[in-house]
Amino acid sequence: GTFVVQVTATDADDPTYGNSAKVVYSILQGQPYFSVESETGIIRTALLNMDRENREQYQVVIQAKDMGGQMGGLSGTTTVNITLTDVNDNPPRFPQSTYQFRVPESTPPDSPVGRIKANDADVDENAEIEYSITEGDGYDMFGITTDKDTQEGIISVKKALDFESKSLYILKVEATNIHVDPRFLYLGPFKDSATVRIQVEDVDEPPVFSRPAYIMEVKEDVPINTVIGTVTAQDPDAAKNPVKYSVDRHTDMDRVFNINSGNGSIFTSKPLDRETLLWHNITVIAAEINNPKQSSRVPVFIKVLDVNDNAPEFAMFYETFVCENAKAEQLIQTLSAVDKDDSYSGHQFSFSLAPEAATTSNFTLQDNRDNTAGIFTRRNRYNRHEMSTYFLPVVISDNDYPIQSSTETVTIRVCACDHRGKMLSCNAEALIHPTGLSTGALIAILLCIIILLVTVVLFAALRRQRKKEPLIISKEDIRDNIVSYNDEGGGEEDTQAFDIGTLRNPEAIDDNKFRRDIVPETLFMPQRTATVRDNTDVRDFINQRLKENDIDPTAPPYDSLATYAYEGNGSVAESLSSLESVTTDGDQDYDYLSDWGPRFKKLADMYGAMDSDRDS
């Protein structure tokens, strides 16, 4: 009888004319689930406890008929689609009572082990489930969360597992509806439970140290190979494989420590010094002998304990002076000391003069018993001309065991002071030569001399550099620029580049003529040597022309071709060619060779000897 919907049909006939417009409703399809009121068209449910999980969609056909539903009346139909909405009337149910999973013992925390799911016939929020572990021996070792998309329970590891400690865990998991409808509580509890068995599998694990970190102490004066402590590690597997130890040398680059690979005892391999390094942080590696890849590390912190092996010394450098007009028992300097060693009860230093200076010194030393001491004058007045500097040896000792002491020297300068004790000058020479120059004036004079010398040297260097300047002066720096001269000449008929006539007739050289292939920027007078005579050797001529080009300031710095097409005017000896000689040697007379001078003496001797041999 629950109201679902109301349908309405209209009739165009006149409602005042009989029953022509009187409509009556009836249901043609949808029984026995739904019914309709004949006069109002209201559709109501006809059954109790309709189950959406069995059938969700219904199609109801309603007929409207005029004439009050009597025979002969006209009718029309409509279809009503009805959907049942869900209510939470079904609890979650596990499809099986027991689940089993396997997980390696090396599984890290927060890693998933497996998934379980309880089925709920409802939909949407009525099917939302929350999973929890209610009891079991693995309650603190495992956890479960709900996947909102799939409504599955995800079992995960909460703590590290150990096969050797426990290999099987049994859990009780419960699935509960989140949104429970109180109207259906009578149907029973809206939750279900199942048993989960988790089997831990054994894996080969690395050795495990007995502690997460080790702290050791050692005195700085221990001899080498002294054992300072021991680390221990064991194989957690059932096989209990033996373990070997080593030091990670990246953490002990200086190899100050070493370790016994068998028992893990750490010992020193070099001397220690607390004042240099107080803490040594090294890493020890433990690895299985049968499987070295299975290894683990542990930090070892080694503290070096102090031993009184350093003598006290002055806290600072003391520059002490005493006035010439000082009086006896006047304090001129207060001394303090420091010690690199540690002292648990605090340092206590004692000061005294060295034995050799205790009686002969011009000064006294008073220990203040508070780790300071004062230097006092022993007599009245000091003369810096007699003694300008005093050296006072002071012995400083500590009170630790063994007692350490050192001798420090205090340099005391005698200075001139005014009547208030303010230092004026500590230079004895300044008083001896009052009319001389002061130190500042001497320094100024010395600087002037140095500047003058530097100026002279620079001037000389510039003069020398000017003499070495290139003979050709160009607007472009030939050292920093590459100039390409790839012009092609005009051949033998081109007489503009060089004066060929000058080369052929050296006597016609004009001393004031410059090169015509380039225009010099500065007019340097070309230097010419004496004109070569007709009887000059060709080699001498070429060498002479080369020399002229070398010293010519107008010559280009780049490689160029110079043609020396010089031909002599003839020789008094005429031609020596054998082509023009007489056909027989007997027709030749070589006596004229002796008239040609010393250059042809060898030929005259050779051919003259041949004539004499032939005559004989």
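Start at the disulfide between Cys-415 and Cys-426: with 95° about the S-S bond, this link is right-handed. The model is predicted, and the sulfur atoms of Cys-415 and Cys-426 are placed 1.6 Å apart. Colour by secondary structure and the bond is seen to link distant parts of the chain: Cys-415 is in strand β30, while Cys-426 is in the loop between β31 (423-425) and α1 (428-432), 11 residues apart. Cys-415 is buried, at a relative accessible area of 0%. Cys-426 has a relative accessible area of 15% and is buried because the limit for that class is under 20%.

**The other disulfide**

Next, select Cys-323 and Cys-417. A disulfide joins them, with an S to S distance of 2.1 Å. The angle about the S-S bond is -85°, and the link of Cys-323 and Cys-417 is left-handed. Cys-323 belongs to strand β24 (residues 319-323) and Cys-417 to strand β30, so the pair ties together parts that are 94 residues apart in sequence. Both Cys-323 and Cys-417 are buried.

The structure holds two disulfides. Counting bonded cysteines along the chain, their pattern is 1-3, 2-4. For a further cysteine, select Cys-448, which is exposed, with a relative accessible area of 53%.

**Along strand β30**

Go back to strand β30 (residues 405-417) and pick Ser-406, which is found in it. Ser-406 has a relative accessibility of 16% and counts as buried. Show residues around Ser-406: not counting residues up to four places away in sequence, it touches Ala-311, Pro-312, Glu-313, Val-394, Val-395 and Ile-396.

**Aromatic rings**

Now display the aromatic side chains. The count comes to 10 aromatic pairs. One of them is formed by Phe-363 and Tyr-382, which are stacked, 5.4 Å centre to centre with 0° between the planes. Phe-363 lies in strand β27 (residues 363-367) and Tyr-382 in the loop between β28 (372-377) and β29 (389-397), so this pair ties together parts that are 19 residues apart in sequence. Both Phe-363 and Tyr-382 are buried.

For another geometry, move to Trp-596 and Phe-600. Their ring centres are 4.8 Å apart and their planes stand at 75°, so the pair is edge-to-face. Phe-600 counts as partly exposed, at 24% relative accessibility.

Then select Tyr-33, Phe-34 and Tyr-58, which form one aromatic cluster. Follow this with Lys-166 and Tyr-169: the charged end of Lys-166 sits over the ring of Tyr-169, 5.5 Å from the ring centre.

**Last stop: Gln-59**

Finish at Gln-59 in strand β5 (residues 57-65). Is Gln-59 buried, exposed or partly exposed? Its relative accessible area is 42%, and Gln-59 is partly exposed.

Show the surroundings of Gln-59: leaving aside neighbours within four places in sequence, Gln-59 is in contact with Gln-29, Gly-30, Thr-79, Val-80 and Asn-81. Two of these contacts deserve a distance label. Gln-59 and Gly-30 are 29 residues apart in sequence, and their C-alpha atoms are 6.3 Å apart in space. The side chains of Gln-59 and Asn-81 are joined by a polar contact of 3.4 Å.

Technical notes
Residues numbered from 1 in each chain as written. Predicted model: local features only at pLDDT ≥ 70, side-chain atom pairs only at ≥ 80, totals over all residues. Heavy atoms only, no water. Helix = DSSP H or I, 4+ residues; strand = E, 2+ residues; numbered from the N terminus. Buried < 20%, exposed > 50% of the residue type's maximum accessible area, 1.4 Å probe, protein only. Contact = heavy atoms within 4.5 Å. Polar contact = N/O pair within 3.5 Å; in protein donor to acceptor, adjacent residues only side chain to side chain. Phe/Tyr/Trp six-rings, centres within 6.5 Å; stacked < 30°, edge-to-face > 60°. Lys NZ or Arg CZ within 6 Å of the ring centre and 35° of its normal. Disulfide = S-S within 2.5 Å.
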